[in-house]
Amino acid sequence: MQLTRLSLHPLRHTLLAALGLVACGPIDKTTAGDDSGTSSAGTTAATATDPGTSNPTTAGPGTDSAGTDSAGTHPTTTATDSDPTGELTTANPETGSEGTTGGDDTGAPACDTVATPADQAFTDPPVPSGFERCNDGILHRLEKRACETPATPDSCTDNMLGGCMSAADCTDKPNGSCQQDMIFGGFTESTCSCVYGCATDEDCGQGQICRCAGDGLGLYTECIEAGCTQDSDCPDGELCGLSPDICAPGGFLTACTTPADLCDGDGACMNPPCMFQKDHWECANAACGRPFVVDCEALVAPVTARDDWRAVLLTPSPVAPELAAELAAHWTHIGQLEHASVAAFARFVLQLLGVGAPPSLVLAAQQALADEVEHARLAFGLASLYAGAGVGPGPLTIPAASTTTTTELAALVDAVIREACVGETLAAFEAREAAAQSEVPAVRAALTKIADDELRHAELGWRFVQWALTRADVGAQARATFAAAIAEARSGVARDALAGAAPQLRAHGVVDAPLRAEIWAQGLREVIEPCAAALLTVPRAA
């Protein structure tokens with residue numbers, strides 16, 4: 001499995017040209033490939049730092065050299081007649097021997113399959129973290145454990161763009177350390193910031209637990225939001241799972257699994273992670289278009305039977321019923337995301353007017369809104385073809401909070417960096433690669449248009465941030481937000497690289513998790529990091 005190796009260098013130069021910038025650092029040919037788009041086969045594009053070592057790694061435990069699941073397992077997904085929304089229900093993979101447990105005297109439910117403990121980082125010999133994974137399912141907290149290394153070892157090597165230098169600069173709270181936020185690709189500039197750790201849950205605030213650093217747990221020992229403290233807090237048979245959450249402290253939270261869950265681990269998702277959303281666990285699925293976020297929740301419309309939101313497309317060749325159901329569900333979800341992007345850009349137009357943006361940005365946002373309508377029609381058109389019946393969006397709930405558009409420039413810069421400069425840029429690259437991999441003409445044509453449009457939408461985000469930097473002193477915040485958003489994307493790369501591959505889906509324009517890991521790693525390294533560096537190091541007008 002590998003990328004088609006479409007070169008991203010021209011896209012980087014196009015983006016910089018749109019920003020009026022020419023200083024974009026060189027790409028390391030040994031890791032990024034040359035301009036011909038070639039690279040050695042089987043090389044994992046992600047380069048993450050293992051929390052337990054000082055050495056870079058390209059694959060975590062349980063992976064082969066390509067970053068795929070060494071067990072070779074991949075759960076099957078099937079549609080049911082009782083599911084009127086078209087969502088998929090997930091069948092658990094039956095791998096490993098039965099009877100292995102991680103039980104203790106806490107009354108927590110025991111794994112009825114294979115239990116894999118997650119060890120703490122920075123300990124020798126290894127020390128359990130209290131978290132374990134049952135049969136490659138959700139990482140859950142079996143029991144409370146003290147973190148042996150409350151203060152994560154310093155990682156800052158250079159803070160030319162500001163921040164701490166060592167733990168000695170991090171004294172606002174106990175267990176402070178200084179961590180590298182980001183080294184911009186092709187540049188020497190970087191930022192560092194303080195991270196504050198903990199030893200036990202008692203060191204954290206109300207409603208929080210102390211989560212140790214470790215593989216799959218997080219890079220740093222930190223207090224995180226807790227809906228539960230351990231498995232025994234949850235109803236019988238349910239687990240206290242660890243979920244990524246961008247709005248939660250430390251980027252994670254814990255929550256009990258529920259009978260209404262739509263996934264039981266990353267392996268159950270076509271597009272990981274399996275994460276807690278509002279009141280149940282479900283797959284995050286593909287990031288396509290700009291999300292319509294209200295109070296840290298990405299909203300989409302429900303699905304209904306209708307024909308007016310489907311574009312007219314060439315009918316794909318027949319596929320097996322199971323695959324057709326999976327593809328119908330995939331494109332239905334993409335349609336929901338693109339439909340929600342219409343609302344996101346409608347709000348963005350008002351926000352641009354509220355901060356006094358120039359007409360070129362307002363016009364570009366209006367065009368993006370129109371593009372997203374067509375993207376939704378393309379996606380629902382494909383969903384309808386694979387489903388054999390019309391599929392479209394129901395009414396989109398518009399909470400009162402979303403109608404109060406922020407006119408605070410700093411808050412808008414933060415959202416645009418996350419959603420456009422990083423999110424939409426990566427989504428455009430993902431759609432581009434999906435089009436190149438697809439063997440279905442109708443799918444390839446739809447993805448090519450989506451990829452081209454999404455890159456322009458991402459460019460709009462970069463142009464807005466560039467304009468905002470000339471209007472207010474938001475440079476330090478922009479650096480910090482870029483660092484956080486890129487770190488979050490890197491976490492996604494590390495997670496997806498460990499997931500099982502689904503090569504049968506790529507021919508139908510669906511990017512599976514390991515392929516996404518390569519796309520994102522390449523996009524971060526070759527485009528987002530160097531372009532962020534160029535944008536943020538250009539002198540600003542007084």
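Q: Which helix does A476 lie in?
A: A476 is in helix α8, residues 475–497. Helices here are DSSP runs of H or I with at least four residues, strands are E runs of at least two, and both are numbered from the N terminus.

Q: Before going on, what sort of model is this?
A: It is a predicted model, where local features need pLDDT of at least 70, side-chain atom pairs count only at pLDDT 80 or more, and totals for chains, interfaces and linings use all residues. Residues are numbered from 1 along each chain as its sequence is written, and side-chain values use heavy atoms, with hydrogens and water left out.

Q: Back to A476. Buried or exposed?
A: A476 has a relative accessible area of 57%, so it counts as exposed. The cut-offs are under 20% for buried, over 50% for exposed and partly exposed in between, with a 1.4 Å probe and protein chains only.

Q: What does T425 touch, beyond four places in sequence?
A: A420, A458, W462, V527 and I528. Contact means heavy atoms within 4.5 Å.

Q: Which of the core residues touch the most other members?
A: In the largest nonpolar core, of 80 residues, they are W331, F348, W462, F464 and F482. Such a core is a set of buried Ala, Val, Leu, Ile, Met, Phe, Trp, Tyr and Cys residues joined through side-chain atoms within 4.5 Å.

Q: Which elements give two or more residues to that core?
A: α3 (321–354), α4, α6, α7, α8 and α10 (513–537).

Q: What is F348 in contact with?
A: Setting aside neighbours within four places in sequence, F348 meets R290, A365, L412, V416, L460 and F464.

Q: Switching to helix packing. At what angle do α3 and α4 pack?
A: About 165°, with axes 8 Å apart. Axes are lines fitted to C-alpha atoms, for helices over the stretch in contact, and angles run from 0 to 180 degrees between N-to-C directions. So α3 is roughly antiparallel to α4. The classes are under 35 degrees for roughly parallel, over 145 for roughly antiparallel, 65 to 115 for roughly perpendicular, and oblique for the rest.

Q: What about α4 and α7?
A: Helix α4 (359–387) and helix α7 (441–471) pack at about 155°, axes 10 Å apart. That makes α4 roughly antiparallel to α7.

Q: Which residue classes are in the contact of α4 with α7?
A: It has 14 nonpolar, four polar and eight charged residues. Ala, Val, Leu, Ile, Met, Phe, Trp, Tyr, Cys and Pro count as nonpolar, Asp, Glu, Lys and Arg as charged, and the others, Gly among them, as polar.

Q: Where is D136 found?
A: In the loop between β6 (128–134) and β7 (139–141). D136 counts as partly exposed, at 41% relative accessibility.

Q: Overall, how many helices and strands?
A: The protein has ten helices and 19 strands. Buried residues make up 52% of its 542 residues.
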